Amino acid sequence: MHRQKIENNTLLISGGSSGIGRALALELVKNNTVIICARDQEKLEALQNLDTRLIIRQCDITEQQQRISLINWITTEFDDFNLLINNAGSRVSVDLAVDTEQSQTANTELQINFLAHVALIELVLPHFKRQRQAKIINVTTGLVYLPKASIAFYCAAKAALHSYTQSLRMQLKNTNIQVVEMLPPLVDTEFHQGTLPETVRAMSAANVMKATLRGLEFKREEIVVGMSKMAKILSHWAPKQGLKIINK
């Protein structure tokens, strides 16, 4: 299969100030125009100090007016904007047996891990349809196959994004817009700070970034990285055993 370098794009990475988003931003800015948004202005500025080519914008994508303002600004300033990486996310541990604020936690997790991404896609679609080629990349997780019970609502929200991504891809299959899902494994970033299990080796953000770009260069629609491949296999052939392994 022909390999095509990811270059000459104008792209937005949500949650781009840390973790996988940060690694992607620092690599992609070498050959693309990269805009990153996040809630933490200090982290954004620190990243921009590492590479002044990065364009930063503070935005809480769960807030409707901030989302609208962000996309209006990008589409006005960058007519060739053609690539969205929905990477922002958060996770909260929950004890479903005793937690008395489950619905509140569920709502928060759904907003940042699913609904905000759908809303961003809704906002960019009219602009993307006018481009020669465009791409939407949704970052989910290998846990869409086998959920980890302690972060139940994070897994549920990502599973919703996984399902939605498949439907979006089907409905846009005859358009100029490619829809991609990237499913990382456990990654050694501050996202998991203090919660990395001793039994499972976490992948570095740099290696996840490299695997993601390799998948994009080969135009893969689903990029299953590292141990997420094993989760996918176990979910089909040994789901009960897989759930036990994930929830050790």
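1. A residue counts as buried when its relative accessible area is under 20% and as partly exposed when the value falls between that limit and 50%. In this predicted model, Phe78 has a relative accessibility of 17% and therefore counts as buried, whereas Trp73, with a relative accessible area of 21%, is partly exposed. These residues form an aromatic pair of the edge-to-face kind, in which the ring centres are 5.8 Å apart and the planes stand at 80° to each other.

2. A pair of aromatic rings is described by the distance of the centres and the angle of the planes. The count of aromatic pairs in the model comes to three, and one of them joins Trp73 to Phe78. Another is made by Phe81 and Phe128, again edge-to-face, with 5.0 Å from centre to centre and 65° between the planes. Since Phe81 belongs to strand β4 (residues 81–86) and Phe128 to helix α4, this pair ties together parts that are 47 residues apart in sequence. Phe81 is buried, with a relative accessible area of 0%, and Phe128 is likewise buried at 0%.

3. Helix packing is the next topic. Two packed helices are described by the angle between their axes and the distance between the axes. Helix α4 (residues 102–128) packs against helix α5 (residues 152–171) at an angle of about 25°, and their axes are 9 Å apart; α4 and α5 are therefore roughly parallel to each other. The crossing of α4 past α5 is right-handed. On the α4 side the contact is made by Gln102, Thr105, Ala106, Glu109, Leu110, Asn113, Phe114, His117, Val118 and Ile121, and on the α5 side by Phe153, Tyr154, Ala157, Lys158, Ala160, Leu161, Tyr164 and Leu168. Sorted by class, the residues of this contact are twelve nonpolar, four polar and two charged.

4. Helix α4 also packs with helix α3 (residues 64–77), here at an angle of about 30° and with the axes 10 Å apart. Angles under 35 degrees count as roughly parallel, and α3 and α4 are therefore placed in that class. Their crossing is right-handed. Helix α3 contributes Arg67, Ile68, Ile71 and Thr75 to the contact, while α4 contributes Ala116, Ala119, Leu120, Leu123, Val124 and His127. The contact of α3 with α4 comprises seven nonpolar residues, two polar ones and one charged one.

5. For helix α1 (residues 19–28) and helix α6 (residues 205–217), the axes come within 9 Å and cross at roughly 60°, and α1 and α6 are therefore oblique to each other. This crossing, too, is right-handed. The residues in contact are Gly19, Ile20, Ala23, Leu24, Glu27 and Leu28 from α1, together with Ala205, Val208, Met209, Thr212 and Leu213 from α6. By class, the contact of α1 with α6 has eight nonpolar, two polar and one charged residues.

6. Ala205, which is found in helix α6 and takes part in the contact with α1, is buried, with a relative accessible area of 14%. Between the C-alpha atoms of Ala205 and Trp73 the distance is 29 Å, and the two residues are 132 residues apart in sequence.

7. Pro239 lies in helix α8 (residues 239–246) and, at 37% relative accessibility, counts as partly exposed. When its neighbours within four places in sequence are left aside, Pro239 is in contact with Leu146 and Leu234. The C-alpha atom of Pro239 is separated by 25 Å from that of Val180, a residue 59 places away along the chain.

8. Most residues other than glycine have a negative phi. Asn8, however, has a positive phi near 60°; Asn8 sits in the segment before β1 (10–14) and, at 68% relative accessibility, counts as exposed. Lys219 also has a positive phi, of about 60°, although it is not a glycine. Lys219 is found in the loop between α6 and β7 (222–224), and its relative accessibility of 47% makes it partly exposed.

Note on methods:
Residues are numbered from 1 along each chain as its sequence is written. This is a predicted model: local features need pLDDT of at least 70, side-chain atom pairs count only at pLDDT 80 or more; totals for chains, interfaces and linings use all residues. Side-chain values use heavy atoms; hydrogens and water are left out. Axes are lines fitted to C-alpha atoms, for helices over the stretch in contact, and angles run from 0 to 180 degrees between N-to-C directions. Helices (H or I, at least four residues) and strands (E, at least two) are DSSP runs, numbered from the N terminus. Angles under 35 degrees count as roughly parallel, over 145 as roughly antiparallel, 65 to 115 as roughly perpendicular and the rest as oblique. A crossing is left-handed if the near helix is turned anticlockwise from the far one by less than a right angle, and right-handed if clockwise. Contact means heavy atoms within 4.5 Å. Ala, Val, Leu, Ile, Met, Phe, Trp, Tyr, Cys and Pro count as nonpolar, Asp, Glu, Lys and Arg as charged, and the others, Gly among them, as polar. Buried means under 20% relative accessible area, exposed over 50%, partly exposed in between (1.4 Å probe, protein chains only). Rings of Phe, Tyr and Trp (its six-membered ring) pair if their centres lie within 6.5 Å; planes under 30 degrees apart count as stacked, over 60 as edge-to-face and the rest as tilted.
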